[in-house]
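Here is a short report on one protein chain. Keep the sequence and the 3D view open as you read.

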Amino acid sequence: MNEIKQNSPYAWFLAARPKTLTGAIIPVLLGSALAFSDGQFKTAPALLCALFACGMQIAANFINDLFDFQKGTDRREDRLGPQRACAEGWITPGAMKVGIGCALLLSCLAGLTLLFTVWGQLPHGGWELVVLGVVCILFAFLYTTLLSYRGWGDVLVLVFFGFVPVCGTYYVQAYTLNMDVVVLSLVSGLAIDTLLMVNNYRDREQDAVSGKCTLVVRYGKKFGENMYLALGIAAVLLCFWFVYTGKLTPLEFIWAPCVYLYMHALTWRKMIQIGSGKKLNSILGETSRNMLFLGLLLAVALN
């Protein structure tokens with residue numbers, strides 16, 4: 001990677017960590033799939049929600065990169081995770097601050113366009129979306145700089161990769177919420193939290209040294225292994241709700257959530273066999289793939 005030119009387009013591409021955008025797109029996909037199933041799907045709001053979610057994810061990645069660099073916790077010699085753009089010298093800290101501003105501006109523009117698109121059709125005129133957008137921006141900073149160090153990461157994933165994007169995406173298309181979208185939000189949040197869990201499992205020793213008190217640091221290696229498996233199982237069990245309501249047939253439940261659970265269990269076995277070290281990066285990749293499969297299969301099955 002030494003040939004990467006500082007502040008070049010390719011350097012920014014790497015800093016944005018495009019593989020993490022899976023976690024931003026899946027909730028929007030699921031919320032839109034449920035809206036389509038209910039006959040409420042609208043293309044423009046769905047696309048604007050996806051743009052807002054991706055912009056916020058990229059901004060959060062930039063903030064995390066810059067904050068880790070400033071704290072000095074991203075030491076090259078003991079890093080197991082993905083390379084950081086600031087630490088590698090690909091992006092200067094000053095340029096990264098500009099990048100954060102641009103990513104947030106992109107998200108705000110998408111949000112304002114969305115607000116204009118649905119203004120007057122929402123129960124409260126759309127002001128709730130303004131509040132929600134401000135909260136998303138606020139927690140993009142708080143998560144990286146404070147809350148992830150206090151063990152709140154998993155709760156925030158359930159909120160900002162579950163309830164906020166899934167309910168928000170459905171709400172701007174159907175102009176209402178129901179129990180189906182609440183359950184689907186939990187499915188999304190739990191599945192995406194598997195990615196954070198394996199990330200924290202991999203980094204547990206370095207996190208302990210740097211004072212980052214994740215659940216895996218607090219409760220240990222075995223807890224991380226059991227929680228990783230349990231999150232996937234819980235996500236699948238919640239899908240029984242859609243069999244109960246008639247959104248999924250028993251056959252669709254087998255080839256959608258159950259296929260994901262099989263893949264998740266295989267990845268879990270590999271994770272506990274590896275245990276520690278850089279080889280766990282492959283588990284991150286498999287977990288991201290499994291999440292994407294669940295999102296795609298469930299979106300198809302709901303329709």
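Leaving aside neighbours within four places in sequence, Ile192 is in contact with Gly23, Pro27, Val157, Phe161 and Met291. Keep in mind that this is a predicted model. Ile192 lies in helix α8, which covers residues 179–202. Is Ile192 buried or exposed? Its relative accessibility is 6%, and the cut-off for buried is under 20%. Ile192 therefore counts as buried. Thr22 sits 170 residues from Ile192 along the chain, yet the C-alpha atoms of the two are separated by 9.1 Å.

**The whole chain**

Now step back. How many helices and strands are there in the protein chain? There are 15 helices and 0 strands. The radius of gyration is 19 Å, close to the 19 Å that the globule rule gives for 303 residues, so the chain is as compact as a globular protein of that length. Along its principal axes, the C-alpha trace spans about 55 × 45 × 35 Å.

Residues 24 or more positions apart account for 76% of them. The accessible surface comes to about 13900 Å². Carbon and sulfur atoms hold 69% of that surface. As for charge, the chain has 23 positive and 18 negative side chains. The centres of the two sets lie 4 Å apart.

**Helix α6**

Find residues 127–145. They form helix α6, with 19 residues. From its first C-alpha to its last, α6 reaches 28 Å, close to the 27 Å expected at 1.5 Å a residue. Which residues of α6 are buried? Leu129, Gly133, Cys136, Ala140 and Thr144 are. Look at how those numbers are spaced. An α-helix has 3.6 residues a turn, so residues three or four places apart point the same way. What do the buried residues of α6 pack against? Their partners are α3 (43–71), α5 (93–118) and α7 (153–174).

**Tyr171, in helix α7**

Tyr171 lies in helix α7. At 13% relative accessibility, Tyr171 counts as buried. Not counting residues up to four places away in sequence, Tyr171 touches Leu122, Pro123, His124, Glu128, Leu129, Thr176 and Leu177. Pro45 is 126 residues from Tyr171 in sequence, but the two are 9.7 Å apart in space, C-alpha to C-alpha.

Move on along the chain. Ile274 has its place in helix α14, residues 257–274. Set aside its neighbours within four places in sequence, and Ile274 is in contact with Lys279, Leu280, Ser282 and Ile283. Arg202 is 72 residues away from Ile274 in sequence and 10.0 Å away in space, C-alpha to C-alpha.

Helix α15 runs over residues 281–301 and holds Asn290. Asn290 touches Tyr260, Met263, His264 and Thr267, not counting residues up to four places away in sequence. Phe293 also has its place in helix α15. The C-alpha atoms of Phe293 and Gln273 are separated by 23 Å, and the pair is 20 residues apart along the chain.

| Residue | Relative accessibility | Class |
|---|---|---|
| Asn290 | 1% | buried |
| Ile274 | 28% | partly exposed |
| Phe293 | 39% | partly exposed |

Finish with the backbone. Most residues other than glycine have a negative phi. Which way does Asn7 go, positive or negative? Asn7 has a positive phi of about 60°, although it is not a glycine. Asn7 is found in the segment before α1 (9–16). At 30% relative accessibility, Asn7 counts as partly exposed.

Tyr175 is another case: its phi is near 65°, a positive value in a residue other than glycine. Where is Tyr175 found? Look in the loop between α7 and α8.

Notes. Residues numbered from 1 in each chain as written. Predicted model: local features only at pLDDT ≥ 70, side-chain atom pairs only at ≥ 80, totals over all residues. Heavy atoms only, no water. Helix = DSSP H or I, 4+ residues; strand = E, 2+ residues; numbered from the N terminus. Expected span 1.5 Å × (residues − 1). Buried < 20%, exposed > 50% of the residue type's maximum accessible area, 1.4 Å probe, protein only. Contact = heavy atoms within 4.5 Å. Rg over C-alpha atoms; globule rule 2.2 N^0.38 Å. Areas by Shrake-Rupley, 256 points an atom, 1.4 Å probe, with all protein chains shown as cover. Lys, Arg positive; Asp, Glu negative; His and termini not counted. Charge placed at Lys NZ, Arg CZ, Asp CG, Glu CD.
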